[in-house]
Amino acid sequence: MPHRDPLAWPSPSAATDGEDSIAGQLASRIEADPAAPDEPIDWAAAAAVFEQEALAVSPRPGAAQLLYEAGRIHEERIGDAEAALAFFRRAVEVDRAFVPALRACRRLAMELGQDGLASEILDAEAAIAPTPEARAELLLLRGRLLAALGREAEAATALERAVAAAPGSFAAAEEAARAAAERGDREALAEAYVRCARCAADRRLSAHYLAAASALLEEGLSRPDRAGALALDAFALLPEDPLLRASARRHAERLGRTEPLAEILEAEARAAQGP
């Protein structure tokens, strides 16, 4: 039997209990009637066979895999990205939990500039994401695409869902800060900086986010007590930083906080002695 190009056809053994195994059986039927050694494979015809089989078993989940394979042929063998995207989209419509089709549909939609479709697929992917962190990442990307499309309200909702899905996600906190900065919302930006500080793995980064939040609250929002508390928290994380020490000392003196002021003075004395 002449060698055929392996298209990674799914095998019958790959089908799970209760699923159609037609996608795997199809490869065997194609192999049973191979092309001549020098005859090129008719990939368009092969894709058409997959589509016909999908129509025959639809709406059962096996149809999604058949449509996905037809899409792969159009993308990888024929070079028709738009036709491939149409097949991937049909596969998703049949089974919104079929991950290979979701990923392929989102990837091609973004490559072809169809960000609206990509945002829809991202929502479906987020719904079945295996971890809160993965769900947050998908929702963040959805939010960015929606914002680029001018759909600000939907973008804000996607961001809120991302933060709710993974409250400890540094990426979600940073995205919240970016969105607040773009809106010019200083209070939301300050709170986002505080979340960034809580989520950051590095104490230096946490300290500087707290200092930035403190500055916003003091200078832009006239909330000196909250600003002072954050300045002291920043100093506690990074007492060796001279700027943070100076800010913390000023706030401690203004607030009459004698205990942290004593700690700040001790840190200043150690810094003056040198290494």
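Okay, thanks everyone. Before anything else, keep in mind that this is a predicted model.

Let's start with two helices. Have a look at α3, residues 62-78, and α4, residues 81-94; their axes come within 8 Å and cross at roughly 170 degrees. How do α3 and α4 run relative to each other? Anything over 145 degrees counts as roughly antiparallel, and therefore that's what we call α3 and α4. If you want to find the contact on screen, on the α3 side click on residues including Ala63, Leu67, Tyr68 and Glu75, and on the α4 side look for partners including Ala84, Phe87, Phe88 and Val94. So what sort of residues make up that contact? By class, the contact of α3 with α4 has 11 nonpolar residues, 2 polar ones and 3 charged ones.

In general, nonpolar side chains in soluble globular proteins tend to be buried together. Here, the largest nonpolar core has 65 residues, and the ones touching the most other members are Tyr68, Phe88 and Cys105. There's also another core lying apart from that one, with 7 residues, among them Phe235, Ala248, Leu261 and Ile264.

Let's take Cys105. You'll find Cys105 in helix α5, residues 99-111. Is Cys105 buried or exposed? Its relative accessible area is 0%, so Cys105 is buried. And what does Cys105 touch once we skip residues up to four places away in sequence? That list is Leu85, Phe88, Arg89, Val92, Leu117 and Ile121. Leu85 sits 20 residues from Cys105 along the chain, yet their C-alpha atoms are separated by 5.8 Å.

Now over to Tyr68. Setting aside neighbours within four places in sequence, Tyr68 contacts Phe88, Ala91, Phe98, Pro100, Ala101 and Ala104.

How many aromatic pairs does the structure hold? There are 4 aromatic pairs. One of them is Tyr68 with Phe98, an edge-to-face pair with 5.7 Å centre to centre and 90 degrees between the planes. That pair links distant parts of the chain, with Tyr68 in helix α3 and Phe98 in the loop between α4 and α5, 30 residues apart. Tyr68 counts as buried because its relative accessibility is 16%, and Phe98 is buried as well, at 17%. A second pair to look at is Phe170 with Tyr209: the ring centres are 6.1 Å apart and the planes are at 70 degrees, so this pair is edge-to-face. Phe170 is in helix α9, residues 170-183, while Tyr209 is in helix α11, so again distant parts of the chain are linked, this time 39 residues apart. Phe170 is partly exposed at 22% relative accessible area, whereas Tyr209 is buried at 14%.

Last stop, Ser222. Most residues other than glycine have a negative phi. With a relative accessibility of 60%, Ser222 counts as exposed.

Definitions and conventions. Residues numbered from 1 in each chain as written. Predicted model: local features only at pLDDT ≥ 70, side-chain atom pairs only at ≥ 80, totals over all residues. Heavy atoms only, no water. Buried < 20%, exposed > 50% of the residue type's maximum accessible area, 1.4 Å probe, protein only. Axes fitted to C-alpha atoms, helices over the stretch in contact; angles between N-to-C directions. Helix = DSSP H or I, 4+ residues; strand = E, 2+ residues; numbered from the N terminus. Parallel < 35°, antiparallel > 145°, perpendicular 65-115°, else oblique. Contact = heavy atoms within 4.5 Å. Nonpolar A, V, L, I, M, F, W, Y, C, P; charged D, E, K, R; others polar. Core = buried A, V, L, I, M, F, W, Y, C linked by side-chain atoms within 4.5 Å. Phe/Tyr/Trp six-rings, centres within 6.5 Å; stacked < 30°, edge-to-face > 60°.
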